[in-house]
Amino acid sequence: MSNFFSKAEVTSSGRPVLLHNEVECHLLSAVDLEPEDHRHFSLLKSGLLILTTHRLIWLPSSSASTPTSASAIPLAAISHIFSSKKSLKSVFHSPRIRFQVLVSSDGRVFDPSSGSGSSSGSGSRSVVVTAVIRGKGDCDGFLVKFWDSWRARAWETTKISSSGSGSASGSGAATGIGGGLYSSDGSVRMVGVAGILRKEQEMWESTDKSLQDAFQDLNALMSKAKEMVMLAEKMRQKLLSGTSSQTSGTNDEDMGSKEEMQDWLLSVGIISPVTKESAGALYHQQLSRQLADFVRIPLERAGGMINLIDAYCLFNRARGTELISPDDMLQACSLWEKFDVPVMLRKFDSGVMVIQNKSHSDEEVFARIKSLVTKPEALRTGISPTDAAMTLGIAPAMAKEHLLTAESKGLLCRDISPDGFRFYINLFPEIDPCNMYFVKDYGICSTWIKAVSTTGLGIGERSSTFR
């Protein structure tokens with residue numbers, strides 16, 4: 001059988017990788033895709049069907065017995081959608097959605113983005129594909145949004161905007177070369193550095209106007225949200241390209257400001273957040289997978305572990321107006337145990353909950369903590385959670401949890417004073433119970449004695465460290 005459907009890319013958590021300006025619209029579970037010609041085209045059984053503004057994406061079930069890759073049907077390849085007919089026969093079988101797909105001469109679904117075949121070529125033909133919904137879902141609602149997305153033809157808008165920007169830049173360059181000192185409206189053309197500064201000023205004024213219009217009221221913000229995300233992405237790409245090309249000519253302060261701007265732009269928003277309206281009964285499952293993809297970058301910056309509250313704030317800020325409740329966040333995190341995702345939810349003995357990578361190793365953290373507390377200064381005065389946070393590159397609250405965990409493992413001893421917690425290396429494992437007064441001339445205990453002896457502390461003061 002030939003590979004009839006186009007391939008779709010998925011993330012490490014099983015979420016589809018969306019195209020530029022592509023947004024999810026509706027989801028259905030346990031869906032079969034059956035082309036009418038079963039002899040030449042393969043069938044897709046019991047998967048998740050996702051409708052977007054650009055494609056129909058079919059994802060295989062995680063419990064499927066045979067491995068199947070994710071597939072997609074571009075909406076541009078669909079030539080007709082059949083209306084659903086209510087009959088007595090339809091009451092006794094699973095709901096069906098039938099649509100007609102253009103097929104290229106090589107036996108694959110016509111894909112305008114890859115240029116496979118031609119929608120109107122002599123070698124193309126059409127095949128009817130039936131989507132059989134065997135799970136529980138709003139089939140009628142899916143069909144309505146299917147019609148709306150197909151008629152909206154959002155993929156054409158994306159193509160026109162991208163090609164329009166390219167042609168505009170090309171025509172502008174041509175006019176600048178042969179147009180002399182006057183522009184098309186008769187005004188004097190600014191050239192050189194002054195022209196560049198004026199163009200940048202006009203661009204920022206236009207951006208400022210867009211931001212002011214967007215924040216007039218909530219409705220304007222909702223309508224401008226997608227435009228703002230696209231604008232932020234363009235600005236981020238421009239900063240990235242500028243940083244790579246001008247690294248040698250910038251100082252540390254400029255680099256720091258650019259990195260802060262990039263971090264701010266990255267947190268502007270998720271273009272297609274999972275919502276209860278689009279996902280339906282699969283809301284928490286898809287939210288869990290999207291959250292697993294989202295926390296990947298924050299985890300890398302936080303050293304492999306981030307507080308659940310911090311992740312909740314970052315995720316909600318990125319979702320914009322589609323906010324989620326703490327219960328939804330907690331339920332989404334708890335579902336990671338059932339999915340093959342690279343992150344997990346962890347709860348410390350103190351009750352603090354964090355998100356961490358599955359590759360995160362406590363032994364590696366303990367080794368770094370041990371190297372810190374065995375330094376001469378730390379042997380004398382101990383370390384605080386702030387000291388550990390600077391060494392581990394994490395927040396002080398997370399560093400405190402690591403220190404308490406290391407204490408529970410017998411690696412550290414804790415001293416509580418009005419100044420807060422101080423942690424010291426645990427010397428008790430090196431003391432021989434049968435000969436407690438015997439002082440070894442090797443090991444950590446000997447190193448501690450030498451470090452404390454360099455200070456002016458008395459024996460009683462030194463021993464009070466471990467009381």
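**View 1. Helix 13 meets helix 14 in this predicted model.** The axes of helix 13 (residues 385-392) and helix 14 (residues 396-408) come within 8 Å and cross at roughly 105°. Axes here are lines fitted to C-alpha atoms over the stretch in contact, with angles running from 0 to 180 degrees between N-to-C directions. Helix 13 is therefore roughly perpendicular to helix 14 (65 to 115 degrees). On the helix 13 side, look for Pro-385, Ala-388, Ala-389 and Leu-392; helix 14 brings Pro-396, Ala-399, Lys-400, His-402 and Leu-403. Contact means heavy atoms within 4.5 Å. By class, seven of these residues are nonpolar, one is polar and one is charged (Ala, Val, Leu, Ile, Met, Phe, Trp, Tyr, Cys and Pro count as nonpolar; Asp, Glu, Lys and Arg as charged; the others, Gly among them, as polar). Helices (H or I, at least four residues) and strands (E, at least two) are DSSP runs, numbered from the N terminus.

**View 2. The largest nonpolar core has 35 residues.** Such a core is a set of buried Ala, Val, Leu, Ile, Met, Phe, Trp, Tyr and Cys residues joined through side-chain atoms within 4.5 Å. Buried means under 20% relative accessible area, exposed over 50%, and partly exposed in between (1.4 Å probe, protein chains only). Leu-33, Leu-56, Ile-73, Ile-78, Ile-97, Phe-99 and Phe-146 touch the most other members. Helix 1 (139-152) is among the elements giving two or more residues, and its share, six residues, is the largest. Leaving aside residues up to four places away in sequence, Phe-99 touches several residues, including Leu-56, Ile-73, Val-128 and Phe-146.

View 3. The structure holds zero disulfides (pairs of cysteine sulfur atoms within 2.5 Å).

**View 4. Ala-30 and Ser-46 have positive phi values.** Most residues other than glycine have a negative phi. Ala-30, in strand 2, has a phi near 55° and is partly exposed at 24%. Ser-46 sits in strand 3, with phi near 50° and a relative accessible area of 38%, again partly exposed.

**Notes for every view.** Residues are numbered from 1 along each chain as its sequence is written, and side-chain values use heavy atoms, leaving out hydrogens and water. Because this is a predicted model, local features need pLDDT of at least 70 and side-chain atom pairs count only at pLDDT 80 or more, whereas totals for chains, interfaces and linings use all residues.

Conventions:
Parallel < 35°, antiparallel > 145°, perpendicular 65-115°, else oblique.
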